[in-house]
Amino acid sequence: MRFQQFEVVSNRRDEFSQEEAEELIRNAKTRYENAKHSIQKEQRRVLLDYIHFLQVTGIRCGTARKLTWKNMFLDEEKPYYAIDALQNKVKKRLNFPISKNFANWLKEIKNKHQQFCDQNGIKFSRNIHLFSCLYVYKSNKEGRPAAEIVSIANCKTAWKNLLRSCSFYDPEMCCNKKVQYSFRHKKITDLVKKRIDSTQIAKYAQTSVRMINKHYDQSEMLDFYDELAS
C-alpha cells in the first residue's frame, strides 16, 4: 500500500521587520493626529498606545487586552513592571524589565485616566483597562453617562484599517500572517538574534525553550562561524 504525501503548510506567524514596525507606528500616529471626530481620535490614540506596548514588551495580545491597573506593579528602583495576570495563557505572574522612559509612559497613561475620572465625576477604579478610550459625550442620550471609560483594545476594524494604510499590506496574505501577535514574534526573534540565552528568553516570554528553538530561532550555522570554528 502506498501512502499519499501531503505538503505540510507552516502555521508560523511572520514577525514584523524593523521597517514594517516603524511604518505601523508612524501610520498609527498619523491616523490619530488626522482623525476628524473626537471619538475616532480617541480610539486611534488607544490603538497607538496598545501596539507600542506590544512592540516593547512582546507579551501575548490576550494578556495585554485584559490588563487593568490592579494587574500592574511598578518597582521604582529597577524599574520594571510585574504583572499579576491570571488571564494569561500560562497563568503565571509576569515580570519584564523596562526603561525609565517606558515606565514614565505607563504612569502618564494611568495619570490621564485618574485625571479624566476626577474631572468628570467618575470614581477611578483599578479595574480600568490600561488601553481604554476616555469619552466625553457632547449630547447625552437617555441611559448613557456624560462621560465614561471604554476598553477598545480588541478593536479589529481599527487594526485592519491601519494595516491597509501600510505599504507592505497584502490583501491576500497580510491579515493571515501579519497580525498583532507578530509584535511578540518580532520581540522574541530580536532577543534570539542578540544571542541571549534561550532559557532566559523563555522565562521572559513565559514559554518553553523548545518553543524558542522551534519557532523563533531562525539562525544558521554560518551565523556563528567565529564561535564554532576551531
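In which helix is the place of Glu 42? In this predicted model, Glu 42 lies in helix H2, which spans residues 38-57. The relative accessibility of Glu 42 is 11%, and the residue therefore counts as buried, the cut-off being under 20%. The side chain of Glu 42 is joined to that of Arg 45 by a polar contact of 2.6 Å. When residues up to four places away in sequence are left out, Glu 42 touches Lys 112, Ser 132, Cys 133, Leu 134 and Tyr 135.

Helix H5 comprises residues 156-164, and its buried residues are Ala 158, Trp 159, Leu 162 and Leu 163. These residues lie on the same side of H5, because they cover an arc of only 135° around the axis. An α-helix has 3.6 residues a turn, so residues three or four places apart point the same way. Lys 156 and Thr 157, on the other side of H5, are exposed.

An alternating arrangement of side chains is found along strand E3, residues 94-97. Strand E3 pairs with strand E2, residues 80-83, in the antiparallel sense, and the pairing extends over 4 bridges. Within this pair, Phe 96 in E3 stands opposite Tyr 81.

How values were computed:
Residues are numbered from 1 along each chain as its sequence is written. This is a predicted model: local features need pLDDT of at least 70, side-chain atom pairs count only at pLDDT 80 or more; totals for chains, interfaces and linings use all residues. Side-chain values use heavy atoms; hydrogens and water are left out. Buried means under 20% relative accessible area, exposed over 50%, partly exposed in between (1.4 Å probe, protein chains only). Helices (H or I, at least four residues) and strands (E, at least two) are DSSP runs, numbered from the N terminus. The arc is that of the directions from the helix axis to the C-beta atoms. Two strands pair if DSSP finds at least two bridges between them. A polar contact is a pair of N or O atoms within 3.5 Å; within protein, one must be able to donate a hydrogen and the other to accept it, and residues adjacent in sequence count only if both atoms are side-chain atoms. Contact means heavy atoms within 4.5 Å.
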